[in-house]
Amino acid sequence: YKGKYPRKFEEKYKELQPEKYQDMIAHVIQKGNTPAGMHISIMVQEILDFLKIQPGEVGFDATLGYGGHTKAMLQCLEGKGHIYATDVDPEESAKTKKRLEEQGFGEDILTIRLQNFCTIDEIAKEVGGFDFILADLGVSSMQIDNPERGFSYMHDAPLDMRMDATSGITAAQWLAEAPASNIERVIRDYGEDRFAGRIARAICERRKTAPFMRTGELADFIAATIGRSHKDAAQHPATRTFQAIRIFINGELDELSAALAEAGSLLNPDGKLVVISFHSLEDRIVKRFFEAG
């Protein structure tokens, strides 16, 4: 591609090398966009205002991601204290660890574990309780941007959707094997899609001749099944189904419930827990947890 504005993820070499092209990164952010391969953390100042982190405190970042929240909280510690962080994505967590180390946040103040945050109790056994805990739920921009991860219908890519690409079954494998009743339940419960039954039956009928292997074909098939064009709708017709499959493949809601159950008991006196949720299913679990507590 010889043009000025790269169309493919791999061609965005300047955006994908933020340390070398700061001017390009600043320009993209100024336009209100998120540079390729990056993630702009939301509500950073609101979180800091609420947590009121003091030097010497010990915190837990349940969802490391690109490290935006982590870096802001580390700066509040002023070199005293420690933050423990977890992430199940080996590819992105390695990049984030390297990036933060280069900015002066090494293992003396930051410990990163490649595990799910529902294992917070294992870390707490080593360090005692936490003064603050943050969980920023959902999928990150880096994972959506990279077509190889198969999270998004915006790119035609292998139908994967695993946060940890080294374990578990892919979305393609599950759709090829699961009974129609299971597929319908997942789309209905995790996607809250009123067309769940129709989509599930259509998927099972189509896979008899050609199983779904790519995100593009699944997205187009769902749009055709419910008779809506993504060009005419405010939201792509496949949005809810893709969300549902991703949540199921990664066990996101079960892990959230388990993590919250542990987190509440692992806070030190006057400790604080912050959860950022992005859809009603997560929100419901979090609200019920806080009400019960």
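T86 is found in strand β2, which covers residues 82–86. Keep in mind that this is a predicted model.

Student: Is T86 buried or exposed?
Tutor: Let's go by relative accessibility, where anything under 20% counts as buried. T86 comes in at 0%, so T86 is buried.

Student: Which residue's backbone oxygen lies 2.9 Å from a polar atom of the T86 side chain?
Tutor: Leaving out residues up to four places away in sequence, T86 touches a list that includes F60, D61, A62, T63 and L64. One of these has its backbone oxygen 2.9 Å from a polar atom of the T86 side chain, and that residue is A62.

Student: How many residues of the contact of α2 with α3 are charged?
Tutor: On the α2 side we have V44, I47, L48 and L51, and on the α3 side H69, A72, M73 and C76. They split into 7 nonpolar and 1 polar, and the number of charged ones is none.

Student: How far apart in space are A124 and E262, C-alpha to C-alpha?
Tutor: A124 is part of helix α5 (residues 120–127), and at 8% relative accessibility A124 is buried. Beyond its neighbours within four places in sequence, A124 is in contact with F130 and L266. A124 and E262 are 138 residues apart in sequence, yet their C-alpha to C-alpha distance is 9.8 Å.

Definitions and conventions
Residues are numbered from 1 along each chain as its sequence is written. This is a predicted model: local features need pLDDT of at least 70, side-chain atom pairs count only at pLDDT 80 or more; totals for chains, interfaces and linings use all residues. Side-chain values use heavy atoms; hydrogens and water are left out. Contact means heavy atoms within 4.5 Å. Helices (H or I, at least four residues) and strands (E, at least two) are DSSP runs, numbered from the N terminus. Ala, Val, Leu, Ile, Met, Phe, Trp, Tyr, Cys and Pro count as nonpolar, Asp, Glu, Lys and Arg as charged, and the others, Gly among them, as polar. Buried means under 20% relative accessible area, exposed over 50%, partly exposed in between (1.4 Å probe, protein chains only). A polar contact is a pair of N or O atoms within 3.5 Å; within protein, one must be able to donate a hydrogen and the other to accept it, and residues adjacent in sequence count only if both atoms are side-chain atoms.
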